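Thanks for coming, everyone. Please have the structure open while I talk. I'll start with helix packing.

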Amino acid sequence: MATACDIAMKQDRQEEDGSAPFVAVENLLKTFGSNTVLNGINLSVSRSETLAVLGRSGTGKSVLLRLIIGLEMPDSGSVCIRGQDIAGLSMDQMSAIRKKMGFLFQHAALYDSLTVSENVAFPLEHHRRDMPRSERGERVKQLLAEVGMEGDLDKMPSDISGGMQKRVGLARALALEPEILLLDEPTAGLDPISSGEINELILKLQRERQMASIVVTHDLHSARTIANRLALLNEGDVVIEGKFADFQQSEIEFVKEFLKQS
Amino acid sequence: MSSGLTTVARINPPLPGRRAVLMTSAVSSASGLVNDSFEWFGNLGIFFWRVLRAAVTPPYEWRELVRQLDEVGSKSFPLVVMAGSAIGVIISLEARYSLSRFGAKSLFPATLVYSVLQVMGPIITGLVVSGRVGAGIGAELASMKVTEQIDAIEASAINPYRLLAATRILACILMLPLLTLVSDACALLMGWFAQTLVEPLSFHQFIQDGFKGATFNAFLPQTFKTAVYGLIIGLIACFQGMRTRGGAEGVGRAATNSVVLASLFVILADVVLVKFILVFFP
């Protein structure tokens with residue numbers, strides 16, 4: 001039986017058409033004690049594609065992202081990044097794969113002892129050690145300008161708002177020019193204007209960089225704006241996956257309820 | 001009536017029954033404690049192995065190591081100077097009084113030198129550093145853990161065992177012997193000073209009498225055993241910090257546990273190391 005990785009590798013050869021999955025998860029099962037968070041789900045994302053994973057709080061959306069980047073290990077099933085199964089990789093092997101990925105945490109997770117510019121420079125300092133300091137500084141300024149934070153280089157994370165922290169987190173996630181971008185609740189806790197700005201920013205980055213993105217959110221409006229495809233999680237299972245129109249036409253009670261309440 | 005008696009009997013079971021309940025509960029809590037201890041030591045062993053592997057493989061985090069050397073060494077310096085000085089004065093006062101009673105005042109310099117260099121200097125430095133550095137590392141890493149900063153480091157393809165743990169543990173290992181030398185020097189200087197205020201004694205004479213017949217074997221192992229204290233302090237503080245769960249309460253718990261466990265294991269290690277040194281460096 002072909003695994004997700006086999007399929008991904010096969011499709012990797014067809015990469016020219018742009019449809020090969022950059023991320024593929026198959027039969028992913030994750031439990032915490034007696035609580036089954038993900039109950040054998042299957043999902044994949046290709047280049048230039050954005051998948052929004054929706055669902056109520058506590059349905060395992062963030063756990064899914066943590067499994068994809070290897071911060072958690074699945075109980076069973078596989079996670080393949082560009083055709084490589086990440087199960088059983090050492091920390092240094094995993095690091096090589098993580099260099100292809102950018103992760104925006106729900107609360108940005110900025111290093112609170114470093115300034116805004118130092119936060120963005122952090123991955124570059126560790127992975128582009130041969131990059132001259134001046135060039136690194138220019139790169140940091142450019143990344144912060146991309147997210148509209150070029151005027152706040154020397155501020156500490158505690159001195160900027162939640163929305164600004166997410167922008168800086170996004171700039172940090174983009175520092176190594178990732179092929180895959182994982183966004184955990186990018187608009188949660190933000191006012192509608194800041195949410196709109198973050199959505200615009202994500203759309204702009206998609207147009208310019210053509211990354212494969214997975215956005216975890218419970219904000220349906222944001223998901224509709226930035227994603228090509230949506231998946232709805234409930235009690236560990238993918239209830240429906242498709243375009244927003246598919247959601248609207250669905251007869252599944254949970255989908256109807258979710259749309260009604262959103 | 002009979003129902004009422006049964007209820008009373010249930011609430012207050014006869015004495016042998018109560019003893020059995022108490023014994024069962026004591027046995028189960030003791031076995032839980034033993035299980036927890038085994039689990040803790042097992043996890044500590046796995047953590048140590050990961051740190052060791054990360055520490056010996058490139059890329060090396062030199063810049064962070066230098067920062068941690070400063071954090072552990074320079075910033076503990078004033079505290080170690082004060083603690084060493086205080087210990088020197090205390091031993092001086094106590095030794096002078098005791099030796100006078102037995103008519104052995106001439107042994108004062110040797111008593112002070114041996115007490116400080118062999119016993120008090122290393123252990124006091126270990127405990128002072130375990131308090132300051134253990135709490136600092138434990139709280140810092142725990143705070144980073146609960147705010148997902150350690151996950152962010154890992155997600156940025158950087159090994160947190162190498163960047164955060166290996167550098168801190170190595171800094172503790174390297175700085176403890178140096179801080180012990182500082183503490184010893186301050187204790188001897190202030191011990192001599194306290195003695196001189198009561199009964200003038202030249203510093204040259206004090207040193208000459210104190211170190212008469214002493215060999216390096218008498219002092220060097222005692223000073224360098226503190227590298228083991230450094231390993232214990234750094235390892236336990238990093239371990240407690242990086243496994244924290246549960247917000248601000250978890251951070252507080254990690255800091256407290258780091259200090260308590262590091263201090264306890266420093267004292268226990270001293271028992272073993274003293275015997276080891278007596279056997280191998282007689």
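Helices H4(B) and H7(B) make a right-handed crossing. Keep in mind that this is a predicted model. H4 covers residues 77-101 of chain B. H7 covers residues 160-198 of chain B. Their axes come within 7 Å and cross at roughly 40 degrees. Are they roughly parallel or oblique? Angles under 35 degrees count as roughly parallel. H4(B) and H7(B) are therefore oblique to each other. Which residue classes make up this contact? There are 17 nonpolar, 7 polar and 2 charged residues.

Why quote both an angle and a distance? Two packed helices are described by the angle between their axes and the distance between the axes.

Now a second pair in chain B. Helix H5 runs over residues 108-146, and helix H8 over residues 203-210. Their axes come within 7 Å, with a crossing of roughly 70 degrees. The range from 65 to 115 degrees counts as roughly perpendicular, so that is how H5(B) and H8(B) stand to each other. This crossing is right-handed. From H5(B), the contact uses B:Pro109, B:Ala110, B:Leu112 and B:Val113. From H8(B), it uses B:Phe206, B:Asp209 and B:Gly210. By class, the contact of H5(B) with H8(B) has 5 nonpolar residues, 1 polar and 1 charged.

Next, the core. In soluble globular proteins, nonpolar side chains tend to be buried together. Here, the largest nonpolar core has 138 residues. Which of them touch the most other members? In chain A, they are A:Val23, A:Ile68, A:Ala171, A:Leu182 and A:Ile214. In chain B, they are B:Ile233 and B:Cys238. Which helix gives the most to this core? H7 of chain B does, with 19 residues.

Let's zoom in on A:Ala171. Leave out residues up to four places away in sequence. A:Ala171 then touches A:Val120, A:Leu143, A:Leu144, A:Glu146, A:Val147 and A:Met149.

What about the two chains together? 11 residues of chain B are in contact with 16 residues of chain A. The chain B side has 4 nonpolar, 4 polar and 3 charged residues.

Last stop: B:Asp270. It lies in helix H11 of chain B, residues 247-280. Is B:Asp270 buried or partly exposed? Buried needs 20 or more C-beta neighbours within 10 Å. B:Asp270 has 19, so it counts as partly exposed. Now find B:Glu39. B:Asp270 and B:Glu39 are 231 residues apart in sequence. In space, their C-alpha atoms are 24 Å apart.

Note on methods:
Residues are numbered from 1 along each chain as its sequence is written. Chains are lettered from A and ligands numbered from 1 in the order in which they are written. This is a predicted model: local features need pLDDT of at least 70, side-chain atom pairs count only at pLDDT 80 or more; totals for chains, interfaces and linings use all residues. Helices (H or I, at least four residues) and strands (E, at least two) are DSSP runs, numbered from the N terminus. A residue is buried if 20 or more other C-beta atoms lie within 10 Å of its own, exposed if 12 or fewer, and partly exposed in between; C-beta atoms are placed from the backbone. Two residues are in contact if their C-beta atoms, placed from the backbone, lie within 7 Å. Ala, Val, Leu, Ile, Met, Phe, Trp, Tyr, Cys and Pro count as nonpolar, Asp, Glu, Lys and Arg as charged, and the others, Gly among them, as polar. A nonpolar core is a set of buried Ala, Val, Leu, Ile, Met, Phe, Trp, Tyr and Cys residues joined through C-beta atoms within 7 Å. Axes are lines fitted to C-alpha atoms, for helices over the stretch in contact, and angles run from 0 to 180 degrees between N-to-C directions. Angles under 35 degrees count as roughly parallel, over 145 as roughly antiparallel, 65 to 115 as roughly perpendicular and the rest as oblique. A crossing is left-handed if the near helix is turned anticlockwise from the far one by less than a right angle, and right-handed if clockwise.
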